[in-house]
Amino acid sequence: MSVEERPAKDLTNVMVSGYRLLLDRRYHADDHTWARQEGDLIRIGLDDLGQATTGDLAQIALRRAGEHVRHGEELGTLEAQKYVGPLRSPVCGEIVATNEAAARGPRVVNEDPYGLGWLVLLRPEEHDDLAGLVGPDEAPAWFAKKADGFRREGVLSE
Amino acid sequence: MRLIELGALSPLRSQTTYHAIARALGPGDDPVLSLYWTDRPYVCTGFHRPVEEFDQDECRRRGLPVLRRQLGGGPVYLDADQLLFQVTLPADRAPASVEAAYRALLGPAVGAFRRLGLDAALTGTNDICVDGRKLSGAGMARIDDAVVCVGNVILDFDHDAMAAILALDPGMRRTFAAVQRRYLTTLQRELGRAVSRDEARDAIVASYAEAFGPLEPAVLSAEEERVRDELDVLFSSREWLEGEGAGWTDEVRQAKVRGGARVYATQVERGGAELRATFAVVDGKLEDIAFAGTALSARLGARLAAALDGLVAEREALLRAARAAMRAAAGPLRPEDVVDCVLRSERGRAT
């Protein structure tokens with residue numbers, strides 16, 4: 001496992017096994033989505049390994065603001081390389097806003113998955129919703145294990 | 001691995017059957033190889049694509065049903081000369097990346113073409129090609145607990161029908177037809193003889209058995225039939241055909257022939273005059289380029305086309321060629337405008 005700090009002054013932004021990880025948010029261990037608390041709301045996106053294993057995104061279709069989603073339900077769908085897959089919600093709540101820019105130009109998710117490439121802003125129904133996700137203490141080790149495993153399987157390039 | 005062979009199916013069932021197998025598959029279930037063909041021609045588009053990409057009048061005139069699948073990619077024309085195969089397996093048994101999943105699930109299909117005597121290879125992510133010509137296309141989806149990869153073995157192909165059913169302007173349609181003939185091939189063309197469905201089927205079955213272990217002949221389970229019946233209704237509905245996912249928009253009019261080969265129609269306006277370009281970009285190089293519009297004479301258009309055809313689609317190379325071709329040209333059009341027009345193709349989405 002290699003965890004390199006980047007940049008030195010921002011300890012929440014690290015490189016783990018060649019992929020970027022932000023420690024100001026929590027992660028779904030299997031779906032590679034992230035969730036960040038922002039006041040009463042939770043912002044959701046795809047993590048760097050999630051976008052890398054999916055490939056260049058051609059399309060993102062998101063559900064509408066006002067709709068409710070439960071844990072594991074679809075927030076929308078994505079398409080890359082003629083593959084269509086679900087974007088699953090790591091928390092339950094009401095969709096408050098969706099990233100229209102990402103829906104219009106999904107490459108932003110590949111280029112900036114933790115920033116401009118966010119997907120959905122959600123008002124959670126339960127305050128402890130994020131507790132089941134991977135937190136900052138465990139995230140580097142979890143992320144490194146996933147990346148190294150993907151490399152061993154030949155899923156990611158060396 | 002279960003082997004489900006269903007022979008000729010209606011267009012609707014040729015789509016709903018594999019979706020049903022995927023939806024019914026549980027986490028511990030055996031993978032499934034399913035094989036069949038459509039009993040009559042139809043057109044089908046990808047999950048996120050609008051049916052407006054089809055020329056609806058032409059489809060009606062030809063009596064072609066229009067369907068939408070839950071897989072990616074764009075508009076396709078399907079008929080009885082294509083053997084359709086699908087590999088469905090529990091998602092946790094599929095490689096974690098899209099590219100690796102295609103390699104694993106289409107590798108045996110490449111082997112099948114090799115058994116038939118062709119030097120086939122997986123090209124790009126999901127096309128099976130021989131010497132740059134596409135033999136088979138594929139798409140994939142995660143559906144509930146399953147991953148399904150769908151492909152075809154093209155015994156023969158109606159290139160004219162494929163070009164006719166797309167909503168393209170006449171110039172783009174001509175270019176698409178020409179480029180498609182060059183880069184979308186068939187078993188018959190490559191082998192110089194007709195290949196029967198049975199021969200193609202045997203190659204596919206042997207290759208997947210080699211990769212996945214013995215194939216157990218099976219029929220659809222009661223659950224798979226129940227789900228398929230539900231999907232027959234859903235996939236026939238207007239809501240599905242024009243579903244929320246089908247919101248694809250693109251800045252550029254483009255039509256894909258294979259990975260790395262697309263046909264574009266672009267335009268720019270300069271000083272109230274219009275320049276239109278129709279061309280293909282094949283593995284990074286321009287082919288079949290033609291210019292039209294009020295911004296240039298037919299003679300200059302022909303000179304520019306001759307100068308740019310075959311060049312790498314990069315600004316500097318195109319600019320040099322356009323400058324040389326326009327050395328004595330008068331009017332508001334500049335070489336930079338010509339290059340801008342062509343490179344608008346870069347704004348198109350990767351599909």
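**Two chains, one predicted model**

With 18 C-beta neighbours inside 10 Å, Ala305(B) counts as partly exposed, because a residue needs 20 or more such neighbours to be called buried and 12 or fewer to be called exposed.

Ala305(B) sits in helix H10 of chain B, which covers residues 298-308. If we leave out residues up to four places away in sequence, Ala305(B) touches Ile289(B), Ala290(B) and Phe291(B). Leu105(B), on the other hand, is 200 residues from Ala305(B) in sequence, and their C-alpha atoms are 41 Å apart in space.

Let me now step back to chain B as a whole. Its domain assignment gives domain 1, residues 2-241, and domain 2, residues 253-347. The C-alpha centres of these two domains of chain B lie 34 Å apart, and where the domains meet, 19 residues of domain 1 are in contact with 17 residues of domain 2. On the domain 1 side of this meeting place in chain B, strand S8 (127-130) and helix H5 (170-183) each supply at least two residues, and H5(B) gives the most, with eight residues. By class, that side of domain 1 of chain B has nine nonpolar, seven polar and three charged residues.

What about the interior? The largest nonpolar core has 148 residues, and those with the most contacts inside it are Met140(B), Val148(B) and Cys149(B). Helix H3 of chain B, residues 98-115, gives the most to this core, with 10 residues, and the core draws at least three residues from each of domain 1 and domain 2 of chain B. To take one of these residues by itself, Val148(B), leaving aside its neighbours within four places in sequence, is in contact with Tyr18(B), Ala22(B), Gln86(B), Thr88(B), Met140(B), Ala141(B) and Ile143(B).

Next comes the place where the two chains meet. How many residues of chain B are in contact with chain A? There are 26 of them, and they are in contact with 21 residues of chain A. The elements that give two or more residues to this side of chain B are H3 and strand S10 (138-143), and S10(B) gives the most, with five residues. By class, the side of chain B that touches chain A has 11 nonpolar, 11 polar and four charged residues.

That brings me to chain A, which has four helices and 12 strands. Of its 158 residues, 44% count as buried, and among contacts in chain A between residues at least 6 apart in sequence, 59% join residues at least 24 apart.

I would like to look carefully at one helix here, helix H4 of chain A, residues 139-152. At 1.5 Å a residue, its 14 residues should span 20 Å, and its end C-alpha atoms are 20 Å apart, which agrees. The buried residues of H4(A) are Ala139(A), Phe143(A), Lys146(A), Ala147(A) and Phe150(A), and, seen down the axis of H4(A), they fall within an arc of 95°, so they line one face of the helix. They pack against strands S2 (13-16), S3 (19-22) and S4 (26-27) and helix H1 (48-54) of chain A.

H4(A) is followed by Gly154(A), whose phi is positive, near 80°. Gly132(A) lies in the loop between strand S12 (120-124) and H4 of chain A, and Gly132(A) is partly exposed, with 13 other C-beta atoms within 10 Å. Gly132(A) and Tyr27(A) are 105 residues apart in sequence, yet 9.0 Å apart in space, C-alpha to C-alpha.

Definitions and conventions: Residues are numbered from 1 along each chain as its sequence is written. Chains are lettered from A and ligands numbered from 1 in the order in which they are written. This is a predicted model: local features need pLDDT of at least 70, side-chain atom pairs count only at pLDDT 80 or more; totals for chains, interfaces and linings use all residues. A nonpolar core is a set of buried Ala, Val, Leu, Ile, Met, Phe, Trp, Tyr and Cys residues joined through C-beta atoms within 7 Å. Domain bounds come from an automatic or database domain assignment. Two residues are in contact if their C-beta atoms, placed from the backbone, lie within 7 Å. The expected span of a helix is 1.5 Å times one less than its number of residues. The arc is that of the directions from the helix axis to the C-beta atoms. Ala, Val, Leu, Ile, Met, Phe, Trp, Tyr, Cys and Pro count as nonpolar, Asp, Glu, Lys and Arg as charged, and the others, Gly among them, as polar.
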